[in-house]
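Trainee: I would like to learn how to read a structure step by step. Could we take one and go through it together?

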Amino acid sequence: MQAETYYRDHWLDVDPDRVGQYEDMFRWRPEMAPMLAAAELAQGQTVVDYGCGPGMLSLELARRVGPTGTVQGVDINETFLERARANAAGEGLSDRIQLHRIETDALPLEDGSVDRIICKNVLEYVDDPTGTLRDFHRTLRPGGLVHAIDSDWGMLAVEPIGPERLARIFDAASIAYRTPLIGRKLRGFLRDADFDDPVVSIVATADTTGRAAPILLNMAKYARESGRLDEREIDAFVSNVKTSVEEGSFLLVLPQFLVTAARP
Ligand SMILES: C[S@@+](CC[C@H](N)C(=O)[O-])C[C@H]1O[C@@H](n2cnc3c(N)ncnc32)[C@H](O)[C@@H]1O
């Protein structure tokens, strides 16, 4: 993979183990409900799940919009979409979830045709966040809401790794993110895309169980593939993460920015 396009290519070429890992990591849990509150989801709505992956969020959105609503899931990766199709069928929700593969960062949907666009942990990977948000603006009906949920990798804290070592690993891994500080930048990008008054809030939880450790193991993989850091430093990082999970000393905090705006 080329370093210049790695942020996109690593999503196009995902190995099967990683797909299962993402299903576990992104599975919807009731305690995640505050992440969706500002989206004001309701029965009967047409809702886009942009960058739906294996469809873990799409399932929850389909429950929220009910039998009269529709979820339009889009992603660039066909393997994820196949998993999303299987997961929708497994939950008996296929009739309300339509899935589309996209090759450009544009929605295959009519102007003004949707009530909500939800985009969770995806905008850090798109070529041009403002361009993508302009396309969201085109697709939303007047008064419709875009609701983006994104990390800000500059705010990641991991113990017992500490900030200096983490910064070295992240610096090498940063080829995997087009806009790693997307969280703090989202409000500005939405304003640039002609949304009025984006509202910003943050949710943060501390993972002490290791459920979020795959984030760090993926980061180590990206750092390795970048060729920018000594392999021994990456090996020591991976071993430290795994040992701290086993010993119970692991802690990871990655605040999530929730940014909501209406199409005027
Ligand atoms: C971190 S996962 C998030 C999955 C899902 N939104 C969730 O939270 O459960 C990122 C997803 O974005 C997709 N993706 C990456 N670049 C994309 C792009 N330019 N347009 C649409 N989807 C993209 C990936 O294939 C992957 O499914």
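Mentor: This is a predicted model. Start with what covers a helix. The cover over the buried residues of helix 5 includes strand 1 (46–50), strand 4 (114–120), strand 5 (140–151) and helix 7 (182–192).

Trainee: How many residues of helix 5 are buried?

Mentor: A residue counts as buried when its relative accessible area is under 20%. In helix 5 (residues 129–139), 8 of the 11 residues are buried, so by that cut-off the helix is mostly covered. They are P129, T130, T132, L133, D135, F136, H137 and T139.

Trainee: Which residues does H147 touch?

Mentor: For this, residues up to four places away in sequence are not counted. H147 then touches M35, L36, A38, A39, I117, I118, C119, L258, V259 and T260.

Trainee: L36 is in that list. Which residues is E60 in contact with?

Mentor: Leaving aside neighbours within four places in sequence, E60 is in contact with W28 and L36. E60 lies in helix 3 (residues 56–65). Its relative accessible area is 11%, under the 20% cut-off, so E60 is buried too.

Trainee: Why is G20 called partly exposed?

Mentor: The label covers values between the buried cut-off, under 20%, and the exposed one, over 50%. G20 has a relative accessible area of 30%, so G20 is partly exposed. G20 belongs to helix 2 (residues 16–26). Distance along the chain is another thing to read: G20 and P54 are 34 residues apart along the chain, and their C-alpha atoms are separated by 8.9 Å.

Trainee: Where is the ligand, and which residues come nearest?

Mentor: Look for the space first, then for the residues around it. The ligand takes up the space of the largest pocket. There are 18 residues around the ligand, and G51, G53, D75, D105 and K120 come nearest.

Trainee: What is 2.8 Å from an N or O atom in the side chain of D105?

Mentor: A nitrogen atom of the ligand. Another ligand nitrogen distance involves Y50, with a polar side-chain atom 3.2 Å away. For G53, a backbone N or O atom lies 3.4 Å from an oxygen atom of the ligand.

Trainee: How much of the ligand does the protein bury?

Mentor: Begin with the ligand taken alone, which exposes 600 Å². The protein buries 99% of that.

Technical notes: Residues numbered from 1 in each chain as written. Predicted model: local features only at pLDDT ≥ 70, side-chain atom pairs only at ≥ 80, totals over all residues. Heavy atoms only, no water. Helix = DSSP H or I, 4+ residues; strand = E, 2+ residues; numbered from the N terminus. Buried < 20%, exposed > 50% of the residue type's maximum accessible area, 1.4 Å probe, protein only. Contact = heavy atoms within 4.5 Å. Near = heavy atom within 4 Å. Polar contact = N/O pair within 3.5 Å; in protein donor to acceptor, adjacent residues only side chain to side chain. Areas by Shrake-Rupley, 256 points an atom, 1.4 Å probe, with all protein chains shown as cover. 1 Å grid on protein atoms, 1.4 Å probe; cavity = no way out; pocket = protein on both sides within 12 Å on 5 of 7 lines; lining within 4 Å. Sits in = over half its atoms within 2 Å of the grid points.
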